[in-house]
Amino acid sequence: MKSRNRPELRSFWLSGFESRMIWRSKVKDMLGCKERKGNENLIKVIACDLDGTLCDVDHDINDYTAKVVAKAQQAGIRFIVATGRFYEGTMRTVDGVLQDVDLLLNSGAEILNPQGEVVIHRPLTKESIRQIYEVMKDEPLTTKYNGFERNGFVGTIDQLEQQALKDYLTFHPNMRPQDACQDRRFMNMMAKCQAYSSIESLQDDLPEIAKVFCFGGTIEQTQAAKAKLRQIPKIGIASSFPTNIEITDIKAQKGPALKEYIESLGYTMDEVMVFGDSENDLSMMEMDFVTVAMGNAEENIKKVSKYVTKSNDQNGVAWAIEQLLERQGSIAGQKDQQQA
């Protein structure tokens, strides 16, 4: 991979008007908004992870961020939500908040256009699922098999309820278990998941698995399981937290899926800005998009990204998009003056 020089962005965490002006004077080429020569393109697409990125610490998209995304769309920028979640889980956050967005789901196993049409669909092979099961059945992590519409778990109903609660609290660590059980989002998640007595019965009822999600162990246990899983060919392995594992088909990762999709629409990689924070964004952040790591991102994500913005609890995505729109508007104005 080519090494890239990232602009120094520590002034993000200074306060007030002075820090904003210091930042602008030091980093005129921030976020791919530098003045480009000739016919080079401006940013036309934004692809953004949800949890830890577009969402706040409560895993919601706040009003300010939603308004800035709409502002970018009004400026002609296409917006893609790129998440490890499946459709129902994504829509619980996006529906009624964002409009006319593309959805890259299950870490790239499926992509829907703004009309809701499936344009990419890549489940795991049955052989891969069998191999994953054989590795994970004796590991101290819980393994959930995410279909495109429903999810499955090999075990009893009681085990499913206990592990589903553990899964939910992974995303909502400040919530008490008794409150989580009564939460509408948790109940919706339970309604979409079923317990099976064997992997064979699960595969018979869920013929297509988009992603296998493993969680509930320590960091050390998670890393040990990952090492074993890496021996399986033709699968992609990532994480959105230090204690989970997300497994997809090798081609169903965010980076390759996003590249395939935007190129099918006629865009080039240098016209696409990508935001992310965790390992399951790494396949996007390592590619030649205009990559922006969150201030709260893992260090390996920051290292491979071209730029770093504020953290998600400081509205880092919205802040960066506003800088982008301001800069691109300025460039467009200069072009208009030149043509006049």
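Hi everyone, let's start with an open sheet of eight strands, with mixed pairing and the order β5-β4-β3-β2-β1-β12-β13-β14. At its edges stand β5 (118-121) and β14 (307-308), each with a single partner strand, so one side of each has no neighbour in the sheet. Before I go on, please keep in mind that this is a predicted model.

What packs on this sheet? Helix α11, residues 254-264, does, and it touches β1, β2 (78-82), β3 (102-105), β4 (110-112), β5 and β12. The direction of α11 makes about 155 degrees with that of β2.

Strand β1, residues 45-48, runs parallel to β12, residues 272-276, with four bridges between them.

Next, please find strand β9, residues 209-215. Is β9 mostly covered or uncovered? Mostly covered: seven of its seven residues are buried. Strand β9 pairs antiparallel with β6, residues 142-147, over six bridges, and there K211 of β9 stands opposite N146. Strand β9 also runs antiparallel to β11, residues 244-249, and four bridges join these two. In that pairing, C214 has I245 of β11 as its bridge partner.

Last stop, helix α6. Its 15 residues, 157-171, reach 22 Å from the first C-alpha to the last, close to the 21 Å expected at 1.5 Å a residue. Which residues of α6 are buried? They are L160, Q163, A164, L165, D167, Y168 and F171.

Terms used:
Residues numbered from 1 in each chain as written. Predicted model: local features only at pLDDT ≥ 70, side-chain atom pairs only at ≥ 80, totals over all residues. Heavy atoms only, no water. Expected span 1.5 Å × (residues − 1). Buried < 20%, exposed > 50% of the residue type's maximum accessible area, 1.4 Å probe, protein only. Pairing = 2+ DSSP bridges. Contact = heavy atoms within 4.5 Å. Axes fitted to C-alpha atoms, helices over the stretch in contact; angles between N-to-C directions.
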